Amino acid sequence: MSATFLLDGQPVSFEPGQTILEAARAAGRYIPHLCWHPDFPPHGSCKLCIVKVAGRHVSSCAMPAKEGWEVESDTPEMNGERRALLQMLFVEGNHFCPSCEKSGNCQLQALAYDLEMMTPRFNHFFPDRPVDASHPDVLLDFNRCIYCELCVRASRDKDGKGIFALTNRGIHKHLVVNAESGRLADTDFSADDMAANICPVGVILHKRVGFAVPIGQRTYDEAPIHLVAMRPEAAGDD
Amino acid sequence: MIEQRKLRVATVSLAGCFGCHMSLLDIDEHLFELLDRIDFDRSPLTDIKHCGPCDIGLVEGGVCNAENVHVLREFRANCRTLVALGACAVNGGLPAQRNHLDLGACLDEVYRSRPGLACAAVPNDPELPLLLDKVHPIHEVVRVDYFLPGCPPSGEAIWKFLADLVNGRTPRVTGPLLHFD
Amino acid sequence: MSAEVPQALIDEVLRTAGSTPDRLLQILVTLQAQLDFLPPTLISRLAEQLGMPRSRVEGVAGFYSFLHLAPAGRYRVRFSDNIIDRMLGSEALMATMCANLQLRPGVPSADGRVTVSTTSCTGMGDQGPAVLVNDRAIGRLNHQRVMEICDLIRHDAPLSAWPEELFHVDDNIRRADALLSSPMVAGSALAKAVALGRDGWLAQMQASKLRGRGGAGFTTAVKWLACRDAAGADKVVVCNADEGEPGTFKDRVLLNRHADLVFEGMTLAAWATGARDGLLYLRGEYAWLRPQLEATLAARRAAGLLGSGILGQTGFDFDIAIHLGAGAYVCGEESALLESLEGKRGTPRIRPPFPVTHGYLGRPTVVNNVETLAKTCLIARDGGAAFAATGTAQSAGTKLLSISGDCARPGVYEYPFGVSIQQVLDDCGAADVLAVQVGGASGVTVAPYEFQRRIAFEDVPSAGAFMVFDSSRDIFEVARNFVHFFAHESCGFCTPCRVGTALLKGYMDKLAEGYGALQDLADIDWLDRLLKNASHCGLGSSAPNPVVDTLLKFRPAYERRIQHADFQPAFDLDGALARARQMTGRDDAGAHFDTGMGATR
């Protein structure tokens, strides 16, 4: 018999070394996440996947499961804290869904639907962030960045290019591209790069296809993220 | 048994497009049901100019100028329950996308330096409300009790929300009814 | 200066500081020391020569406060902005300097000569107000000294030609116990440990019950054993000299006066674990200590206390290199420190795995605090049992306290663990005390009714800071200073800390500016809880500590700032019309908000 832990009271079996989130997924159980991606090692920055184990909060994407643990995830307390983390992400950037072409395909928005985030609650930062439209095929709208670093990781570890990196720190942290000019057009970025197709929000956008699928008929218009994220093909999900 | 008196409801559009009000009309036949339960106070539907004591205030739009602030304060002072209705009231929406621009530069661009202006000056008629340097969602200016996002929220969402509120349930709009776009 | 950096300079720096990506931070620090700033073309050329993406070089350079990607002047004056420096008048002195040099804080002077700005605590709380000028520290600042500095800057005097007296730093040792009172001949502790053999030495360490002095209090011998037993032969000993906690400076004193004890402690750790490489991570604020530390290392090499075959033991090979930080508090967190040592942004790692198995460059690594390592010399000299005989049941030995603030005799005090806070206050000459902040910004705010509590891991733990506030002080402003500190020092990796510290700062400023409402206190509680629960590392989870403690113990300091019963906007509504008034030329009644009207709702 394999080792098991309890997730919200239900047993979940796991292999040694498997994280709580991975084991839960393998068992068909969804734990919310934004920066976690099946093709990459855990990152642990968004904190949406926090769960409670023996009174302590841990990132389920990074914490190896242990025999006998009682893990709380889908509880009013954890979902309340997750909602607050989403609210933080919404107020620190400029997230105007009605004018965003990622609307309906955006994981941040979809999680906010799932967790019933009705208001950003806090005071908005309204930061001044530029848009980089220099590249022929791809637009960068930094207003929506949530610092999951999936583009950084994909470009560095999969595309072998290092197109993206983070600079500065704290609330001033932001993405930069690999060019002295700061322009994406002056890099060897390609719309076929994995990094061009991994953004969970509306920062990295392919030009000329924005509204090919009308608002209202998009991924998360059709099904909630807790179902979409569990589909086998969700890996490279747009 | 609590007496089923009619609830008084005020509505207004601040820095909005009246799209949320249009959506309110989209509840179609439910309007009759609703009107059995409520009376409208100040609203574009009544042409009452100032909000009196109300049970519910529905505010569409964000806060972009001095008049918006006065009206919003009047609503807060008179409405027991204040609702942010729609994307602009909830997070500033489209008008708030001017927030990274300097207001002076905007006014200059529009009223002073654009070619072909007959009288190049920023209007200063006291009848015109002054603009705030930034557009704010209403919860940054007054306390807000409930929020219904959407651009606009659908008629179904508004009906579900109001039906909850009028019947004393905590409003809950979820699943396919909850949209930010 | 020209934006073009001579290739010869780059080549020279790469030759001395190393030319691999893991050396990046040291390369940037070395270049910054010789340049006004790191221009874009330099970043590009470095990336090319190191064979790494330019974006990553820019990302690292942008992380550290002391590295500048835009012109910052030949003189970079940084006022230590800890609450203690403020209490000693730093803000007025900085205003004086800015006026004298005709510049605005944080903005280079028109002639590009100088920038005056603030920085987090520079570790000079016993002799503040303090500034850093480039990599030199100046304490005991007063009006006359500020004028002197302005004159030197105006006359373009190179730092090397400034009067040496300006840079004099006192050790201010006020109470010496086991560690500070007993001079030790370099190598004598090591000789004893070597005579015991590696296992015998570890047994003494276990018997000593020594716990880490950096704050967490992990048992040192357990760490060493785990590292020794970890897979991989290439072990590393790291000394954490990133003493960034506001209000602490005892490591500065140890490094200045007892560097041999620190390096000997590192060598003792190497003897126990089998490590061959030692790294001392020196915070950028203490860069001025580096020359003398290098000299001590050279002397130890010459004496056969570092290098191969230490003390004649075949196979006991160990040497120590100094790495410089560049203004980032978070690098005091051990996994962020390792990232920084590897030349990267100081982002704390996911744990497990822990450094003892996967540390510097993936190698098993022991990371110990300066004071912890120095203490191991006492254990080698006197034996573990003797060490364990002092202190309390769970806190063996002595503790160095950095005492500053409202007291007659600020400085370093060494006490056996278990000393009461009241005793310390009596000894340092503190009267009419309102509160003591023990353990720095991330520590505990202790109120008078708790002054009988003891400094010990089992009661009030402390990494060493002990800041005293008398009844003339406003404890809210103390907490607000710390909240600003955490917001400035958050690495920005995780959502709760990156956004939460910025939001908390916003709420504290709202209260300070007179817009406080009752709802704000509830929001602050909620943010405190999110930070504590959901943060990735100790910085985020301890960031709300000063607010949590002061709200609990000094609530009226907040309540008197609550101007409004219910709700109040966080910004000045009337001020938000100022730009429109200016553009329209209006000043009629309608162009203003009646601040009395309905403002409370």
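A salt bridge is a side-chain nitrogen of Lys or Arg within 4 Å of a carboxyl oxygen of Asp or Glu. The legends below apply this rule to a predicted model.

**View 1. Domain 3 and domain 4 of chain C are without a salt bridge between them.** The count of salt bridges between these two domains of chain C is zero. Polar contacts are found there, however: the rule gives ten residue pairs, both residues at pLDDT 80 or more.

**View 2. Chain C is assigned five domains, listed here by residue range.** Domain 1 covers 7-63 and domain 2 covers 75-170. Domain 3 runs over 175-388, domain 4 over 400-473 and domain 5 over 476-564.

**View 3. Chain C and chain A are in contact through 43 residues of chain C and 44 residues of chain A.** The two chains bury about 3400 Å² between them. Of this area, 58% lies on carbon and sulfur atoms.

**View 4. Four salt bridges cross the interface of chain C and chain A.** One of them joins the side chains of C:R529 and A:E81, with an N to O distance of 3.0 Å. The interface of chain C and chain A also has 23 residue pairs in polar contact, both residues at pLDDT 80 or more.

**View 5. Helices of chain C supply residues to the side that touches chain A.** At least two residues each come from α3 (40-50), α4 (54-63), α18 (475-489), α19 (495-512) and α20 (518-534) of chain C. The most is given by α19(C), with eight residues. By residue class, the side of chain C that touches chain A holds 20 nonpolar, 15 polar and eight charged residues.

Definitions and conventions:
Residues are numbered from 1 along each chain as its sequence is written. Chains are lettered from A and ligands numbered from 1 in the order in which they are written. This is a predicted model: local features need pLDDT of at least 70, side-chain atom pairs count only at pLDDT 80 or more; totals for chains, interfaces and linings use all residues. Side-chain values use heavy atoms; hydrogens and water are left out. Contact means heavy atoms within 4.5 Å. Buried area is the accessible area (1.4 Å probe) that two parts lose on being put together, summed over both. A polar contact is a pair of N or O atoms within 3.5 Å; within protein, one must be able to donate a hydrogen and the other to accept it, and residues adjacent in sequence count only if both atoms are side-chain atoms. Helices (H or I, at least four residues) and strands (E, at least two) are DSSP runs, numbered from the N terminus. Ala, Val, Leu, Ile, Met, Phe, Trp, Tyr, Cys and Pro count as nonpolar, Asp, Glu, Lys and Arg as charged, and the others, Gly among them, as polar. Domain bounds come from an automatic or database domain assignment.
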